[in-house]
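I opened this entry to get my bearings. I wanted to look up the layout first and then a few spots in turn.

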Amino acid sequence: MDFKTLLKTKDFILLDGAMGTMIQKSGAVYEHSPETLNITEPGLIQSFHRAYINAGADIIYSNTFGANSYKLENSGYSVSQITGAAISNAKAAAKGTGALVAHDIGPVGMLLEPAGSLSFDEAYNYFKEQILAGDGADLIVFETMTDLYELKAAVLAAKENSDKPVIATMTFEKNGRTFTGVSPASAAVTLTGLGVEAVGVNCSLGPDELEPIVAEMTRFTDLPLIVKANAGLPDPNSNEYSIMPEQFAASLEGLLKYGVKIMGGCCGTTPDYISEIGKMLGGKAFIPCPKTSDSTVCSPSAAVEINGPRIIGERINPTGKKQFQQALADNNIDYILTQALQQVGGGAEILDVNVGHPEIDEKKMMTAAVKAIQSVCDAPLQIDSTKPDVLEQGLRYYNGKPIVNSVNGEEKSLSAVLPLVKKYGASVVGLTLDENGIPKTAEGRFKIAKRIVSRAEALGIDRRDVYIDCLTLTVSAEQDACRQTLEALHRVKTELGCKTCLGVSNISFGLPNRELVNSTFLTMALEEGLDLPIMNPNVESMTGAVRAFRVLRGIDKNSADFISAYNNTAPERKTSQSSDVDIFTAVCSGLKSEGAAAAEKLLKTTDPMLIVNEMLIPALDKVGEDFEKGKIFLPQLIQSANTAQECFEVIKKHLSNSGGENVSKGKIILATVKGDIHDIGKNIVKVLLDNYGYTVVDLGKDVDPQLVVDTAVKQNIKMIGLSALMTTTLKSMEDTISLVRSAKELQNPDGSSKCVIFVGGAVLTKDYAMKIGADYYCRDAKESVDTAKKVLG
Amino acid sequence: MISVKHLSHSEALRYLGGANAEPDEKMLELINDCEQQILKCLRPKFLYKAVDLPCERLVKGNDIAKHLEGCKKAVLLCATLGADADKLIRVTQVSNLARAVVLDSFATVAIEQVCDSAEQEIAKAFPGLYMTFRFSPGYGDYPVSLQKYFLGELDAGRKIGLSVNESYILIPSKSVTAVIGLSENPIEKRKRGCAVCNMRGECQYRRRGEHCGF
């Protein structure tokens, strides 16, 4: 019987117990890792499998938990040797018994970006290698995962390189989260979307402690649940577990009501535990537990259920925004991050991400933006592009369940976009337009919505995951348009049972007092059943309308969200009143708004360059000097730099308005070298250099040497700053420097280098810096500025 | 397992320069705020395990050999603040770098405090034995590549979510691995300090006649 049939026909499926515990108890000795026993002691491993089958296990896990090429390094064996032997052992034990063999795969052992430095693609390749080696198994199981991103890479590797069924379990701590902060809801939603056959939990806790986690998971999925708990809580150091077999089985019984169908044991369990579970299940029927949640999108740590109006922030979109376009051209990801955090601060629960701009590689930028935003922000994202290949890029590298923006009724769009939505388990915005344009009438738009929904359902996409956008047209051009949009929205909501979304601000184009029109239209649309307004959450009247609607409709229970949004408005300290503070004092004391006000005032009477050279720079010099002498603390230095930054912005704006010269004193690349992830020092250097008028091209952390060279060539940059925190990453620094030196495009005709390289970092010394070919060693941010002055003026 | 309720302000300030400065009111407010914020993000966890000496896989190089002179056992320790502290610092860097550096200092203070508590627990587990100070991979000539061995021995990835990248950087970054020697005889009061520090040639603190506390 194959796994899918087993799943359909049996009430419950028994897994095995711990392999590690059996190995430990047997006293078996191994050189490198327990997986090597597959080759050195095949008989012993087979006997463990047999013991579990005899205890009643329907499925046994191969002894391959850590059989990836990272963990097997120096073991003397390859992944395919160990995996091949392990699966042969399991199959030998299962022969004639009807038991199935699951190819067991655990985490790689290195943490993925953004917390760690292993990339998504690297993780994918580790898993792919394992999966290709596990040909003989009946199914694939991923277990003990704590990072949803790693698990997504694993599931994709399985789906793209094998046709075996996949099941997956994650490991949660007592606080209800995994070590990396994944919530049970997010795990259930994401894995269900990716098309696994069953989801659940294993390891770390006993069955009793797992109850709240299992209860949350089942709310968000219709899949059968897996529980492979530890034998209670281990003593962290003696490794003894606290629960006996009968008690273990009794505790599991209490979890059956959550739709648990697949059960076994993790650390500390033995065949006795498995046979006790079998006894407990005898004669019982599976208790189905359909999901009670509505359509849900998520990041690893935050699940947003679309069970009432939720704001989608629209600001990450360069259309019509010069500054944003410039930021994209400059690869200025920080600009996008600031936009993201501001919108979440304003009340957005989901963020739309559009990085379409003719001058850039949109695919690359979409990946970079999605990764960067997810590294600082918990809100789920909506991947927005007109190009299917860009959508796929965003979907692949997104962690969680995103929304795709968008598909429409045109055949070309339906056949390109919907399969991606299905494959990556996303939700999708469906625009009610097609090759004939936007239908004028509500009926026309409703028809297209219906077509989109039926095409989505044919692929197995839940209609609740299709968010229909009935399109807002400009009311000043056609006054009836508003009524058609709202009517279509109402019908989609009530007749199709879909969620709805709508970009609202188009409505007021060409009218005065647009905000008033927008917020009124928004309120009307909410009343017709709008779930997802796509809007600027930093416009108070708009966000306020949504919040108030949630109260009046009884969605915001006890008005709790409303009160917390408006009740604690501690009066902001009005700092700008004391505008008599001069610019020098403002910078030295780190008073941002006073600095900006002072700059504004000065610009009326004083030459901008004079302000920069005779006020701002001397103020920064003084602060730098004070820091050097220990008279002020580092955060004070940074606050001063931020204040100066504010002043520079005012001056820059003034100059660009009056068409004057650019204040930039030259471009400098900054990068934390490959393998190194400590970038706080580099960021401090960046702020200071910014403030002395240099344009910093910040390549971030863990930067590939080639990217440094390519950027220097492309943007014709003459100065490069590199940082490394660890002795082990100094080698990367050396590699980066030598790659820069050897690049022909960065050499003068006489072979000398065009680039000046300065380096810094905690473990670096001047001697070492010179030895690896740097031009300057900078002890701190202040010295970096001194060096830049020397080199670029 | 352990709870950290307060963090030393003076230690945190020491990482922030300002050797000749008194924090003003604004700075004090920032310090207090950041302490409270980081405390909420701490998920401190540690593991330890004693091994008998001599132990070839553990003792590599002269400095650790000297450190463990006269000891019959060594305790491997690893400790971490968990991933949330790293995330808080990462997020704060985007919007407020000044605040981020203060949070970062407090996190550094916190992991030291966690190690101090772990040490107290270890002392209770081995009554009657004398303990050396904590000696970590990367000190003196003790290879940082041993991080992988430490984590493997303690199963730290699975048990406390601690891992190491290809450059042997611990992740989460506010984490420590260390060796503590256990001896039946009183241990001559050796201290960590400039003598075993790789930075002694270039140290900013030493240059100013101060000490980093190491």
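**Layout of chain A**

I looked up the domain assignment of chain A, which gives domain 1 (3-281), domain 2 (296-563), domain 3 (583-657) and domain 4 (667-792). The bounds come from an automatic or database domain assignment. I checked one spacing: the C-alpha centres of domain 1 of chain A and domain 4 of chain A lie 45 Å apart.

I noted that this is a predicted model, where local features need pLDDT of at least 70, side-chain atom pairs count only at pLDDT 80 or more, and totals for chains, interfaces and linings use all residues. Residues are numbered from 1 along each chain as its sequence is written, while chains are lettered from A and ligands numbered from 1 in the order in which they are written.

**Where the chains touch**

I found 49 residues of chain A in contact with 48 residues of chain B. Contact here is C-beta atoms, placed from the backbone, within 7 Å. On the side of chain A that touches chain B, α13 (333-346), α14 (362-376), α25 (634-657) and α26 each supply at least two residues. Helices (H or I, at least four residues) and strands (E, at least two) are DSSP runs, numbered from the N terminus. The largest share, six residues, comes from α25(A). By class, this side has 22 nonpolar, 21 polar and six charged residues. Ala, Val, Leu, Ile, Met, Phe, Trp, Tyr, Cys and Pro count as nonpolar, Asp, Glu, Lys and Arg as charged, and the others, Gly among them, as polar.

The axes of α26 (residues 680-691) of chain A and α5 (residues 97-125) of chain B come within 11 Å and cross at roughly 155°. That makes α26(A) roughly antiparallel to α5(B). The contact uses Ile680(A), Asn683(A), Ile684(A) and Val687(A) on one helix, and Leu97(B), Ala100(B), Val101(B) and Asp104(B) on the other. Axes are lines fitted to C-alpha atoms, for helices over the stretch in contact, and angles run from 0 to 180 degrees between N-to-C directions. Under 35 degrees is roughly parallel, over 145 roughly antiparallel, 65 to 115 roughly perpendicular and the rest oblique.

I also picked out Gly17(B), in the loop between α1 (9-14) and α2 (25-41) of chain B. Is Gly17(B) buried or exposed? Gly17(B) counts as buried, because 23 C-beta neighbours lie inside 10 Å. The cut-offs are 20 or more other C-beta atoms within 10 Å for buried, 12 or fewer for exposed, and partly exposed in between, with C-beta atoms placed from the backbone. Leaving out residues up to four places away in sequence, Gly17(B) touches Phe627(A), Gly630(A), Phe633(A) and Leu634(A).

**Inside chain A**

I came back to α25(A) and its partner α23 (residues 592-603) of chain A. Their axes come within 8 Å and cross at roughly 30°. That makes α23(A) roughly parallel to α25(A).

Last, I checked Gly760(A), which lies in strand β22 (residues 756-760) of chain A. Gly760(A) counts as buried, with 25 C-beta neighbours inside 10 Å. Beyond four places in sequence, Gly760(A) contacts residues including Gly681(A), Ser723(A) and Tyr777(A). Asp780(A) is 20 residues from Gly760(A) in sequence and 7.2 Å away in space, C-alpha to C-alpha.

Key:
Two residues are in contact if their C-beta atoms, placed from the backbone, lie within 7 Å.
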